[in-house]
Amino acid sequence: MVEATPRGPWEHALEQLREWDPAWAAACERMTTNPWRSGVLPRKLVELIGVMLNAQCTSLNPEGTRRHVRAALEAGASRDEILFVLKAASLGAIHSCSLGAPMLLEEAQAAGAPLPSRADGGPTPFCDGMRAIGQWNAAWDPFFQLDPAWTDEFFATAIPVYTGGVMTAREVELLSVAFDASFTHLYAPGTRRHIRGALAAGATVEEVMEVLKLCVAQGVQSCNLGVPILAEELARRAQPSTST
């Protein structure tokens, strides 16, 4: 049974907003908790996506991470499923290289700077493994070219994400859509890649849209952060001055 009034992405700021602006608070609560009420995605997956959006390396929201870890456990998620999300959230930092390595190659060529030699490079079994399971992305070619040994070390951490079997391919792709489409990241190439992957893995258009709605709901972290601060500062200003 779907909870009538789920907490969704909110902290205690919602109670203060209801006092200050009840109409806007009601409208915003209704919109942001829609993915929790719609039933399009299982509650457990909704909460795991919440963990992803708050714990990912572009967000690092401790209160939101705890809220959704607790809710995911209550919804039946296992330790390994939540740990999977945290690993995947960590690995998204590779987009620094996806963005910067092609620029480095282009600017090095323009400047006439020599590129690292791969003549003495050793085997790269983990990169080879990513290619073997069809998870290699051409966007990774530039940093593989620049430092194949380090790239292989990185993918030594990525291989278990794709081969461990903790989550289904559909769930992995939906979680990846959330990471890339989140307003703290907005990584267009990855968003398109994982939307395509989610549809290929059996996700419906409605399910992908639900993930995007969860990304939008994450915006209320501005209120979760700022409303209590505003309330505290207003209360401080209302206190009688003790200066003489």
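**Note on cavities, pockets and helix packing**

1. The structure holds two cavities of 30 Å³ or more. This is a predicted model: local features need pLDDT of at least 70, side-chain atom pairs count only at pLDDT 80 or more, and totals for chains, interfaces and linings use all residues. Residues are numbered from 1 along each chain as its sequence is written, and side-chain values use heavy atoms, with hydrogens and water left out.

2. Terms for the voids. On a 1 Å grid over the protein atoms alone, a cavity is a set of points where a 1.4 Å probe fits but cannot get out. A pocket is an open set with protein on both sides within 12 Å along at least five of seven lines. Lining residues have an atom within 4 Å of a point. Grid points are joined across faces, edges and corners, and a volume is the space filled by probe spheres set on the points.

3. Overall fold. The protein has 14 helices and zero strands (DSSP runs numbered from the N terminus; helices are H or I with at least four residues, strands E with at least two). The C-alpha atoms fill a box of roughly 75 × 55 × 30 Å along the principal axes. Of the 244 residues, 42% count as buried (under 20% relative accessible area, 1.4 Å probe, protein chains only).

4. Largest cavity. Its volume is about 340 Å³. The lining has 23 residues, and Gly92, His95, Tyr162, Ser176 and His194 lie nearest the centre. H6, H10 (148-163), H11 (169-181) and H12 (188-200) each supply at least two lining residues. The lining divides into 15 nonpolar, six polar and two charged residues (nonpolar: Ala, Val, Leu, Ile, Met, Phe, Trp, Tyr, Cys and Pro; charged: Asp, Glu, Lys and Arg; polar: the others, Gly among them).

5. Second largest cavity. This one has about 50 Å³. H4 gives the most to its lining, with five residues. Among the lining residues are Pro9, Trp36, Asn54, His68 and Gln218.

6. Largest pocket. About 320 Å³ of space lies here. Of its 18 lining residues, Arg7, Gly8, Arg67, Ala71 and Glu74 are the closest to the centre. H4 (43-55) and H5 (62-74) are the elements that give two or more residues; H5 gives the most, with seven.

7. Second largest pocket. The volume is about 180 Å³. Glu11, Asn61, Glu63, Gln221, Asn224 and Leu225 line this pocket. Helix H14 (residues 221-238) supplies the largest share, three residues. One lining residue is nonpolar, three are polar and two charged.

8. Gln221. Leaving out residues up to four places away in sequence, glutamine 221 touches Pro9, Asn54, Asn61 and Arg67 (contact: heavy atoms within 4.5 Å).

9. H4 against H6. H4 and H6 (residues 79-91) pack at about 35 degrees, with axes 9 Å apart (axes are lines fitted to C-alpha atoms over the stretch in contact; angles run from 0 to 180 degrees between N-to-C directions). The crossing is right-handed (the near helix is turned clockwise from the far one by less than a right angle). Lys44, Leu48, Val51, Met52 and Ala55 in H4 meet Glu81, Ile82, Val85, Leu86, Ala88 and Ala89 in H6. Nine of these contact residues are nonpolar, none polar and two charged.

Definitions and conventions
Buried means under 20% relative accessible area, exposed over 50%, partly exposed in between (1.4 Å probe, protein chains only).
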